[in-house]
Protein chains: 4
Amino acid sequence: MLTGEQYLDSLRKLNLKVYMFGEKVENVVDHPIIRPSINSVAKTYQLTEELEHEDLMTATSSLSGKKINRFTHLHQSSEDLVKKVKMLRLLGQKTASCFQRCVGMDANNALDSVTCEMDQKLGTGYHQRFRRFMKHVQEEDLVVDGAMTDPKGDRSRRPAEQEDPDLYLRIVDRKPDGIVVRGAKLHQTGAVASREILVMPTVAMREEDRDYAVSFALPSDTEGIFYIYGRQSCDTRKIEGGDLDVGNCMYGGSEAMVIFEDVFVPNERIFMCGEHEFAGMLVERFAGYHRQSYGGCKVGVGDVLIGAAAQAAEYNGVPRASHIKDKIIEMVHLNETLYCAGIACSCQGNPTLSGTYLIDLLLANVCKLNVTRYPYEITRLAEDIAGGLMVTMPSEKDFKNEELGKYIEKYLRGVSGVPTENRMRVLRLIENLTLGTAAVGYRTESMHGAGSPQAQRVVITRQANLEEKKKLAREIAGIRGG
Amino acid sequence: MLTGEQYLDSLRKLNLKVYMFGEKVENVVDHPIIRPSINSVAKTYQLTEELEHEDLMTATSSLSGKKINRFTHLHQSSEDLVKKVKMLRLLGQKTASCFQRCVGMDANNALDSVTCEMDQKLGTGYHQRFRRFMKHVQEEDLVVDGAMTDPKGDRSRRPAEQEDPDLYLRIVDRKPDGIVVRGAKLHQTGAVASREILVMPTVAMREEDRDYAVSFALPSDTEGIFYIYGRQSCDTRKIEGGDLDVGNCMYGGSEAMVIFEDVFVPNERIFMCGEHEFAGMLVERFAGYHRQSYGGCKVGVGDVLIGAAAQAAEYNGVPRASHIKDKIIEMVHLNETLYCAGIACSCQGNPTLSGTYLIDLLLANVCKLNVTRYPYEITRLAEDIAGGLMVTMPSEKDFKNEELGKYIEKYLRGVSGVPTENRMRVLRLIENLTLGTAAVGYRTESMHGAGSPQAQRVVITRQANLEEKKKLAREIAGIRGG
Amino acid sequence: MLTGEQYLDSLRKLNLKVYMFGEKVENVVDHPIIRPSINSVAKTYQLTEELEHEDLMTATSSLSGKKINRFTHLHQSSEDLVKKVKMLRLLGQKTASCFQRCVGMDANNALDSVTCEMDQKLGTGYHQRFRRFMKHVQEEDLVVDGAMTDPKGDRSRRPAEQEDPDLYLRIVDRKPDGIVVRGAKLHQTGAVASREILVMPTVAMREEDRDYAVSFALPSDTEGIFYIYGRQSCDTRKIEGGDLDVGNCMYGGSEAMVIFEDVFVPNERIFMCGEHEFAGMLVERFAGYHRQSYGGCKVGVGDVLIGAAAQAAEYNGVPRASHIKDKIIEMVHLNETLYCAGIACSCQGNPTLSGTYLIDLLLANVCKLNVTRYPYEITRLAEDIAGGLMVTMPSEKDFKNEELGKYIEKYLRGVSGVPTENRMRVLRLIENLTLGTAAVGYRTESMHGAGSPQAQRVVITRQANLEEKKKLAREIAGIRGG
Amino acid sequence: MLTGEQYLDSLRKLNLKVYMFGEKVENVVDHPIIRPSINSVAKTYQLTEELEHEDLMTATSSLSGKKINRFTHLHQSSEDLVKKVKMLRLLGQKTASCFQRCVGMDANNALDSVTCEMDQKLGTGYHQRFRRFMKHVQEEDLVVDGAMTDPKGDRSRRPAEQEDPDLYLRIVDRKPDGIVVRGAKLHQTGAVASREILVMPTVAMREEDRDYAVSFALPSDTEGIFYIYGRQSCDTRKIEGGDLDVGNCMYGGSEAMVIFEDVFVPNERIFMCGEHEFAGMLVERFAGYHRQSYGGCKVGVGDVLIGAAAQAAEYNGVPRASHIKDKIIEMVHLNETLYCAGIACSCQGNPTLSGTYLIDLLLANVCKLNVTRYPYEITRLAEDIAGGLMVTMPSEKDFKNEELGKYIEKYLRGVSGVPTENRMRVLRLIENLTLGTAAVGYRTESMHGAGSPQAQRVVITRQANLEEKKKLAREIAGIRGG
């Protein structure tokens, strides 16, 4: 396993082509806008070094028998699935942001079972290949970017029907030793902090979409791959020089648009190549795992937001007002309801053919559908408790200005004994989580990550077994026949 | 283990004093208003006889090593706790009502650990006694009524402060061989279908409330105990002679007011007698188990209601209208969210000192707090789908009337090919669950059973560890000190 | 104007054919199940006699210049529309039930403008005829049943496509002096308390549905018309002999299935006869007025339920607990939100061609859509405050029993100084409104009366002017072109 | 009346001391971060010049009989109150932001009636003074900043109890010709775009708080007053040089912290000076008017957000997907529910002693309480429809970069025929309203402006007349006595 430092070193050695604000970023690791998101990923390494977190942060590899970072693990039991959720909650608590490493973990686990079942059905040999890739990931303790979301163009058309055929990533050439692919993947969380990009199709496919049914992994700095960094709300506060207005100056999340400009993929790195009938299964399983993830990570971030709101109430002198307490209880209740679904879909997991455990798909989708709702309400309640000052406060530069600072110090003080700066800091943190860079992760990603709410509703319908429920009702009602 | 028939026979042998509509009920078991609730309890015996349900319905006794009905089991693992929830969901699905046997199970499990810890702390000898009682319960396969809720009089006053000292059940006399108690227990679910009444205090207590800190078990037909049957919405439809208007003519739930008129309790049946400092723990644990229960039983009833709504939509010819489908998905989603919490608090259970497993208290309270909300929304959606006919339909007698019946047959028909009666039956079932006898269980009991919502909020606050959350927030915000 | 007594006398003179529980009702006015609903209607007469309510309860006829009961008025200003809403809220407060007279008022106002516009477009002569009918209604101060809802059979098929052609009421014969109609109208609120039945089509229609585009008025005891009384939750409590368990022993609502068995309609009472292109307008306007109505009547009933919950809390000794106060504020807030929409759609009303004022259709539909939601939440909160006793209390007969009564008196007492009976009465009232006969009006009718929620959503979409909103957005976003 | 240009000129002549990012702003009017908010205010002048808006935008002065900008009007009828709400909705639609001029209008109207009633009760002479001030405001067509919110320090302490006595603005010296005041006002919307600052107390007060019961008006550039500009989410995007990433490059809102450093107020500008018993009335009326305002302005902004979401759905190719349509209907429904309360509290307004009309306080508070909820849900639904691209898109600079731009153009295209830039623009507008500068107005201000939700709940309780509701319930339930 790598330490946090070793991970940072490994990133420095990469030759990533990352663009931001119209320019190429020369030093990705130390760029002030990018660095907090890399710090979040680094935290997934650092916590393995702390004894109290070892049980959650590490696992014993089913491939090598060695102790590995759990983020590279193939889940071998429902207990593993539960520990995954707890690990993610812990990291959410420690970073108050998206730490970006689950996507790869979830992609790995999904591909493991799908390649196995594909081979069994079609006689292909993907599973062995994929397991070799997984051993490499575990040994090198790699961050993997699970790359699924295509641009999709006109949403009312299927991949092969788009005017521009590249709006879903596709195979443009087939060679003896590999394939050439073209396209883009959007919203790639943690892409610029990754060592590998693991590409998957983004929807169920039909025969005519065959060239789009492709999955493979490539080092993130492979020739032809480049990144355009996504801009977040308040991103440039990180280059203003201070630390107060940022709200969370240490950690953050990041997304990028990843472009594949006719990239060559060698055969040993291809895990699906035209088997369109398995695209849907891969999407469903990856999404299932990732919907489970949100029952951990967002809960951890929620813990920080609840704590911040409770702290702000204390600084305001009203921690015991009954309406404040009620709002905090409600935040806790909603947050733990999310956690319940994360835990439940895990403990109800079952082994797949490859031995890797899969979560309960119905409950994982229920989990994520709640995640598209409750963080918004938790956010609203936090803004209620925080008060308007959160968005009307003077800037850090005003506060640090000798002349103005004393007025701010005087007039923005809450309960006596607490420095005004503390109050400002906790309000800036709430701003960060509700409106700023972290709101991108806590709100928008809660909504759309791992699929938008409608996607969860579709799976829930499919998994709900309504016929059985109707039968139960007919029996009770004394109805014979249909 | 008893069969359903043996259970009914055992009830017939009891000499219960039950009153209803101002008169003594001569034959409790066959009274048409009571019988459906006894049928629900009997189902907890009958299902043990079906092979497919054996794993959920039975367990191996930790006391005797014998196979027992799970309702008499002391949970020995978190797997046991999970199976309990699944068993309750199954019974909810089969009876579409409250089957009344959980209260005793939950009381038994709570008392098992509390008596053990009380003995350890105070040097008392209650645990052995209680275990002897439990062996009896398991061997005879008894239904136990867990009796907690006192009348409480003026809610702003504690037990010892009430104008009438009997408004909480209390010890009125202490004798060498036992005690004499007086008081009442309200809302006693399944009391008239029980063989034993297990009394517990209903709130945390102080020194001055000592006489109220009492727990014991007595056969349900003990001298001095009598029952006034609670009336439910639409209860008398069951004595009208038909089966259609009842909605669910086979199963139901029941509650009674149980009065203890200076009842003698022999020493061997006393499990707490003045140890006020353990009253709170007993309430919290019993309530915790019972709040978990609702994550199973109400979900099962919800399954039937969802099925009934889906069936009604089909009979109306609109099963594919997008707004109907959306409402059904939402019902499923809410129902499974309840289930998630039931499962999560179970799988996160831990052993107590006595070896009996306790659920995660925070998550069990989150479970119940959701139960005070979602069944109401599921109900609302079901009424939306059902349409107004549910409450404006002619009576069964009109339908059976030769002259009127043909008009009803003609004009209340939905899609062709389905008898009008089927449509009426499914609507009457929905009425039963949303407004009728079963609404008492599915709505009001969801609200107040195992404690009203405010009780859950109090426990959630206590269990939420807000100090830790504030610390997380301060760390992220870069705040040093408080 | 009639007094309440005169109204009752006029009802007694009718020769209505009403069936209930398979038998013909001999004395409709004094039947204990029916009488409370007639009392509610009678209240619309009685309140005109009270000076303080004169301004709301009466109006000056635009047809005769005489003072009339506002229920027979054609609204001549937006002030009239506002007063209508206030009158309905008042009646809701006084009856705690559906008082059944708005449907006719709303039908009258809708037909007034639609017949006028139909005549102008098609050269027909319906408006004069209808005005003659209205003068009769005003002079005789008649209760009119506005009869719209057809059975509809298979909801996926239009009127002319149903297997049984009678599932929408239709013209089966055309004669020189009139037409013969056949069919049924369901959910007819107040039908058995009405003197006239005013029939309207229930959906927009096409050319092929011409025989279904029919509107007319007939005396309620016309040959060939008969009524099957709809059964409500807890209806038979009214024939048990007491008054406590009924909850609201004075007032109620009622619905009936009205069957038209080849009924002859003379020409002067026909207001639409085949003009299918105006069926949609009539439905939309009637529904619009009726959706406005709910912003008054349900708010009045809500006032009683809020009062009952506050009273119950007081009897329990907890009126000042912060969580109780919060729930009551929330109930008030939701109730007044409904009222706001009732008032807003009224004060934004506009004159139609006939001079009669029409509400703002968008806001009236917004009003009703909220009514399909908030009464359910108000209900839930009332059940929360009431506590479980509401559904587990012994019956009135137990309470009146000499022996049992003293135990009930003792153990169901709340704060001292308040008779136990008062507490039972207020809980039975809450039961009545949330589960019993009045729940049919307060819940199910709120959902489906004046059209189910999806019907409101369809109108809202049509009225929302999304193109204009998109244009606003494009302008702000600096988008040129589409 | 001034034109937009004349207003800007008048601002340029002011000598405001405004600080931002630690520095004094030299040219307030043309500062790129400030200018959009001044543009919004200017719009309140420009729209008076458009004939179609004349009826809403102007009024006839009750003081001079001249045509004036409605923002300077004293409302003379409930029709005026309704027009105010419609004017605010219009401006919300045109600016998609807070246009900042209502606070002064609402303060003026509140002071008008309060000074009149104060004079009558106490024999003071404030009303005449205030009317002279109002004539000046109307003649010069001035923007007035209504300054209410004090810093408040420890919220659990009253003004006179704070450790630092300046945490509520107070009189520090009384002179023959005036008073000297010290303190600060926070969250001052539009302060830097105002010509006058009208100060009011922020809470009800007692005898000992007398020095805090002070109201007066001063030119905004009076000696001793200075402004620290509040920073908003994404504020600095406005100085990046482009127009796309800003989302709304033309309009915005602003807040400032206003500091009063021992400022002299001449007698003729003092409208309350120690009359503590009228502080509460002034707060309640100002807040009432301002809570009404939100039923207009936020609805207008909501119209733009709904339009943007509908436009985004169209660009994505899914405008007809049923789940998208449903979400848009829901957004419209919630938005119009807000409007209903705005209209209802206006049309139910009544004259005060001074002749100026006051809104219905209960309904105005219901209005605002809904505003603390629905914009958050509208926001959530907009984010759902927009998709994740809103927060992961490359920057404008990337898009304008020749090399990168073509990839972005290619891969971020939606339906064919629509330039990618249009899609980016509409998403940036949604980002602006949900996370960016406008979210400060649409979310946080909706929550806390005119008082936080708990303040509304307190007024609702006071205005709800629960005693009357309990009486209604007792009558229906047949309860005699209490």
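First, the conventions. The model is predicted, so local features need pLDDT of at least 70 and side-chain atom pairs count only at pLDDT 80 or more, while totals for chains, interfaces and linings use all residues. Residues are numbered from 1 along each chain as its sequence is written, chains are lettered from A in the order in which they are written, and side-chain values use heavy atoms, with hydrogens and water left out.

I start with the interface. In chain D, 81 residues are in contact with 81 residues of chain A, contact being heavy atoms within 4.5 Å. How much area is buried between chain D and chain A? About 6,700 Å², with carbon and sulfur atoms giving 58%; this is the accessible area (1.4 Å probe) lost on putting the two parts together, summed over both. D:R231, D:R380 and D:Y411 supply 12% of what chain D buries against chain A, more than any other three residues.

Which helix of chain D gives the most to the side that touches chain A? That is α15, residues 437-448, with six residues; helices here are DSSP runs (H or I, at least four residues) and strands likewise (E, at least two), numbered from the N terminus.

The same surface serves both copies, as 100% of the contact residues of chain D recur in chain A.

Now the strands. Chain A has an open sheet of six strands, ordered β2-β1-β10-β11-β7-β6, with mixed pairing; two strands pair if DSSP finds at least two bridges between them. Its edge strands are β2 (23-24) and β6 (170-175), each pairing on one side only. β6(A) runs antiparallel to β7(A), residues 178-189, over five bridges, and A:D173 stands opposite A:V180 in β7(A).

In chain C, nine bridges join β7 (178-189) to β11 (255-266), again antiparallel, with C:A184 opposite C:I259. β10(C), residues 225-229, pairs with β11(C) in the antiparallel sense over five bridges, and C:I228 has C:M257 as its bridge partner.
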